Amino acid sequence: VPSFEESIIAPISTKILEVYAQNGDSLEEGTPLLRLDLQNAESEYAKMLDEREIRRQQLAQLKINNTTRASERKMQIEIAKMRLARLEAELHNEQYLDSLGSGTADRVRQAQISLETSRLELEQQELQSVNEEASMEAEVRMQELQLKIFEKGLEEKMRTLRDAEIRSPRKAILTYIDNEIGATVGIGTKVA
């Protein structure tokens, strides 16, 4: 009577290509027992590797685009600050001319309105910049999270492929093996 028994199950749906051991064989740990048809699973894994690379490139492109957008936004804010400084100087000049009697109150009011409009536009651009940066950071974090989730699926697929190499998990006596070459086995089917 064995001290314990361990069943080896098929991790994927496939067919048996070769049988390397027979009932009653003494096995060492890691001894190959069966070779399953892994062509579909391996091509799916290779496809997932390509998709992972595409996702990595998309993430890198997103980061580059975000950096470009942030630089453009900062440049627009700097231009708006320079415009604001120019309008402040114009207002100061109009007020000075008005104090000398060679300017008009209308031109002073017009300069004040232009200055206030420019100030509001600058505030709006700064607020948009903050919101845009938060949005870009969230988008990058989301893409990174999706990539991590995908990579976990990829690791699971690799683990399944490793498990599909049916080997003896320890030193043992083989009491059963599905030795019908060409037989289809489903996920969870006992093969040894």
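I began with the second largest pocket, which has a volume of about 210 Å³. The model is predicted, so I note its terms: local features need pLDDT of at least 70, side-chain atom pairs count only at pLDDT 80 or more, and totals for chains, interfaces and linings use all residues. Residues are numbered from 1 along each chain as its sequence is written, and side-chain values use heavy atoms, with hydrogens and water left out.

**Pockets.** I noted what a pocket is: on a 1 Å grid over the protein atoms alone, an open set of points where a 1.4 Å probe fits, with protein on both sides within 12 Å along at least five of seven lines. Lining residues have an atom within 4 Å of a point. A volume is the space filled by probe spheres set on the points, which are joined across faces, edges and corners.

I listed the lining of the second largest pocket; among its residues are Glu6, Ile8, Pro11, Arg162 and Pro169. This lining divides into 5 nonpolar, 1 polar and 5 charged residues. Here Ala, Val, Leu, Ile, Met, Phe, Trp, Tyr, Cys and Pro count as nonpolar, Asp, Glu, Lys and Arg as charged, and the others, Gly among them, as polar.

Next I took the largest pocket, with about 420 Å³ of space. It has 20 lining residues, and Glu5, Glu6, Ala172, Ile173 and Thr175 are the closest to its centre. I sorted that lining into 11 nonpolar, 4 polar and 5 charged residues.

**Helices.** I looked up H1 (residues 39-100) and H2 (residues 105-163), which pack at about 170° with axes 9 Å apart. Helices are DSSP runs of H or I, at least four residues, and strands are runs of E, at least two, numbered from the N terminus. Axes are lines fitted to C-alpha atoms over the stretch in contact, and angles run from 0 to 180 degrees between N-to-C directions. H1 and H2 are therefore roughly antiparallel, a label for angles over 145 degrees. Their contact holds 24 nonpolar, 12 polar and 23 charged residues.

**Lysine 63.** I found lysine 63 in helix H1. It counts as partly exposed at 38% relative accessibility; the class lies between buried (under 20%) and exposed (over 50%), with a 1.4 Å probe and protein chains only. Beyond four places in sequence, lysine 63 is in contact (heavy atoms within 4.5 Å) with Val140 and Glu144.

**Threonine 31.** I placed threonine 31 in the loop between strands E2 (26-27) and E3 (34-36). Threonine 31 and serine 168 are 137 residues apart in sequence, yet 5.2 Å apart C-alpha to C-alpha.

Note on methods. Parallel < 35°, antiparallel > 145°, perpendicular 65-115°, else oblique.
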